[in-house]
Amino acid sequence: MPTSEKDTSVTTVSAALVSALCKVLRPLVKLMLSKGITYVYLTDILKKIFVEVGDKDFRMNGKPVTDSHLSLLTGIHRKDIKRLRTTTNTKNEIVPETVSMGARLVSQWTSDPAYLDEDGHPKPLPRFIRDAGKISFEGLVASISKDIRSRVVLDEWLRLGVVDFDEQRRVCLKVEAFVPAKGFDEKAYYFGHNLHDHSAAAASNLIGEHQPFLERSVHYDALSHQSIRILAEQSELLGMQALLAINKKAMSLEQEDASKSEKAHRFTLGVYFYSEPVESEKYTTPTDPFTDEKLRNNHSPL
């Protein structure tokens, strides 16, 4: 079959970018296959997203994009373009109620000095106002919402693994940021939120459309399993310290900004850690001493 002019244009795409996209997509494809999302199902989702992004971000002189232009831009048939432009916007998020309420509660618990001990850690909280007044789990929930009972929140957080009880039956925050240990919908929400913002920052930096976002990492590939465990523990400790400090500052600034008439902005700061065994071919013994030194120190600076 002869190659069309539209098909040959693919050859102008950066090979480095294609390689990077393949690497990014592999773990996502693994997730999709494990959850029953097939290639056919995904192509329909991708069509909608291609049309949405083309329509929103590739307008010419601020004018709406025509079906013909969108078809040329995306490679999607005009008949499908017309149909997809009238369907539901895929950007509409499904936010579990536990997430929206829980994020505010955890932010308060980890930022308000009244709920912190002398080391700046979230205090274990007695359950009821009658036992400890405002500095109780019931008081914490009431400070955020008068419309929901603290027992409902507590039962759900126990189910998700966000809190547990100590020996005095006080409520203890198990993690210092709201990351449910259970609850697929809750974890899926944060999966989408965090990966979107990380990839959006990285994509913006590659496109060069804004001032570069912070997007850095450090990585080594000649470490033992024990060394990885040590680094994982230190990364969690230092990462949580950074997140708690930014959370406290953001909460203070948000309270100051409440009285301003400026357009609201949002931000995300993320910390992640990943490790896996290195492919066996990377362990071949180098013959050149300089190469050996490079292998032992194969890392990327911040």
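Trainee: A salt bridge is a side-chain nitrogen of Lys or Arg within 4 Å of a carboxyl oxygen of Asp or Glu. Which residue does Arg170 meet in one?

Mentor: Asp166. Their side chains come to 2.7 Å, N to O. Keep in mind that this is a predicted model: local features need pLDDT of at least 70, side-chain atom pairs count only at pLDDT 80 or more, and totals for chains, interfaces and linings use all residues. Residues are numbered from 1 along each chain as its sequence is written, and side-chain values use heavy atoms, with hydrogens and water left out.

Trainee: Got it. Is Asp166 buried or exposed?

Mentor: Asp166 counts as buried, because its relative accessibility is 14%. Buried means under 20% relative accessible area, exposed means over 50%, and partly exposed is in between (1.4 Å probe, protein chains only). Arg170 is at 24%, so it counts as partly exposed.

Trainee: Why would two such side chains pair up at all?

Mentor: Side chains of opposite charge can pair when their charged atoms come close.

Trainee: How many salt bridges does the structure hold?

Mentor: It holds 10. Asp80 bridges to Arg83, with the closest N and O atoms 3.5 Å apart.

Trainee: Where do those two sit?

Mentor: Both are in helix α5, residues 78–84. They are 3 residues apart, about one turn of the helix. Helices here are DSSP runs of H or I with at least four residues, strands are runs of E with at least two, and both are numbered from the N terminus.

Trainee: And how covered are they?

Mentor: Asp80 is buried, at 16% relative accessible area. Arg83 is partly exposed, at 39%.

Trainee: Which residues make up the network there?

Mentor: Lys47, Asp80 and Arg83 are linked by salt bridges into a network.

Trainee: What about helix α9? Which residue does Arg159 pair with?

Mentor: Glu156, at 2.5 Å from N to O. They are 3 residues apart in helix α9, so about one helical turn separates them. Arg159 is partly exposed at 41%. Glu156 is partly exposed too, at 22%.

Trainee: New topic: loops. Where is Lys134?

Mentor: Lys134 is in the loop between α7 (129–132) and α8 (137–144). Beyond its neighbours within four places, Lys134 contacts Tyr115, Gly139 and Leu140.

Trainee: Zoom out for me. How many helices and strands are there?

Mentor: The protein has 12 helices and 4 strands. It has 302 residues, of which 21% count as buried.

Trainee: And what share of the contacts is between residues 24 or more positions apart?

Mentor: Take contacts with a separation of 6 or more. Residues 24 or more positions apart account for 53% of them.

Notes: Contact means heavy atoms within 4.5 Å.
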